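I opened a new notebook page for this chain. Below is what I looked up, entry by entry.

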Amino acid sequence: MDAKVKERMTNPMHNYLRPKKKFPTVWCAGCGNGIVLQSIVSAIDSLGLDRNKVVLVSGIGCSSRAPVYVDFNSLHTTHGRAIAFASGVKFADPQLKVIVITGDGDAVAIGGNHFIHACRRNMDITAIVFNNYIYGMTGGQVSPTTPQSAFASTSPHGNIDQPFDICELAIGAGASFVARTTVAHPNLLYQYILQGLKNNGFSVIEVLVNCPTNFGRRNKLGDAVNMIKSLKEMAITMDSLKSKWMKEQNIDLSDLEKHILTGIFTDIKKPRFIENYASLIKRLQRLKD
């Protein structure tokens, strides 16, 4: 059997790519966005979801180009409005599996209000946030997650703002499933997306993605391979914080800013907005009758 044919049979990506879409992608060489897209498609494929019942909604930014390359219903919206549009889609047809593909700037800067209220309402949507610490596509500006002292086009002398912790923000706002990992951990990323898609409620999966061009070069972090290696070395799982291994490694828990805390931070069952709305309609109908 031809090697390329065999690969198409075993790699789910080949079943979902848009064959007439021009490749290569718009992403820079070494960008981790392709790893995230692979994990999203693999999770959808594993669940056996009908592609005609899947909707990918994105805003503006490097991450938001991802739906262009795969054969699902897709909605490319204005900057920061992906979650608002996705909420409308889900509200119009609750049977659809709605997935938001967004970036750190798109989700929690201009789209921050939509993000926290979708968490609060527990909309039945899965939001996958590609966090590369910067506005990668629009000029390398500071984003809400840019680390302090990091360089960007709008912080040539180092960022002085305290960055958002997207997962803490999501938990505080009421999301029912919240997890974080990196592109250096593709198996975990796949598992978290899978769990997020299974969750009945608002799911947030934050993925730390290497940006070798606008973030890596400005901050002298080396090439794409070195950046991915760094993500792998810096990541610490929730379980390891409580383990004997952690103590043996002599990692200073008071200095966690040098590390990336990963894992599932919350996974709870709570009423969803769609359910609450349906209950309200039934109650009002009974009163009318």
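Predicted model: local features only at pLDDT ≥ 70, side-chain atom pairs only at ≥ 80, totals over all residues.

**Ground rules.** Residues are numbered from 1 along each chain as its sequence is written, and side-chain values use heavy atoms, with hydrogens and water left out.

Entry: I looked up N122, which is in the loop between α6 and β4. Its phi is near 55 degrees, a positive value in a residue that is not glycine. Is N122 buried or exposed? I use buried for under 20% relative accessible area, exposed for over 50% and partly exposed for in between (1.4 Å probe, protein chains only). N122 has 0% relative accessibility, so I wrote it down as buried.

Y133 also has a positive phi without being glycine, near 70 degrees. I found Y133 in the loop between β4 and β5 (134-135). With 19% relative accessibility, Y133 counts as buried.

Entry: Which residues of helix α4 (82-92) are buried? I noted A82, I83, A86, S87, V89 and K90. They sit on the same side of α4 because they cover an arc of only 165 degrees around the axis; the arc is taken from the directions from the helix axis to the C-beta atoms. A reminder to myself: an α-helix has 3.6 residues a turn, so residues three or four places apart point the same way.

The partners are the strands β1 (54-58), β2 (73-76) and β3 (97-103), plus the helices α5 (104-108), α6 (112-121) and α13 (273-288).

Entry: I counted rings of Phe, Tyr and Trp (its six-membered ring) as a pair if their centres lie within 6.5 Å; planes under 30 degrees apart are stacked, over 60 edge-to-face and the rest tilted. There are seven aromatic pairs in the structure. I picked F91 and Y277, an edge-to-face pair at 4.8 Å centre to centre with 75 degrees between the planes. This pair joins distant parts of the chain, since F91 is in α4 and Y277 in α13, 186 residues apart. F91 is partly exposed at 37% relative accessibility, and Y277 is partly exposed with 37% too.

Helix α13 gives the most, with five residues. I281 is in α13 and is partly exposed at 31% relative accessibility.

**Entry: salt bridges.** My rule was a side-chain nitrogen of Lys or Arg within 4 Å of a carboxyl oxygen of Asp or Glu. How many salt bridges does that rule give? The count is seven.

- D124 and R272 meet at 2.8 Å, N to O. D124 is in the loop between α6 and β4, R272 in the loop between β10 (260-267) and α13, 148 residues apart. I have D124 as buried at 11% and R272 as buried at 17%.
- R180 and D165 meet at 2.6 Å, N to O. R180 is in strand β7 (177-182), D165 in the loop between β6 (141-142) and α7 (166-173). R180 is buried at 7%, whereas D165 is partly exposed at 28%.

I also noted a salt-bridge network that links K90, D124, R272 and E275.

Entry: T126 is in strand β4 (126-131) and is buried at 2% relative accessibility. Leaving out residues up to four places away in sequence, I found T126 touching V98, I99, V100, G196, L197, S203 and I205.

Conventions: Helix = DSSP H or I, 4+ residues; strand = E, 2+ residues; numbered from the N terminus. Contact = heavy atoms within 4.5 Å.
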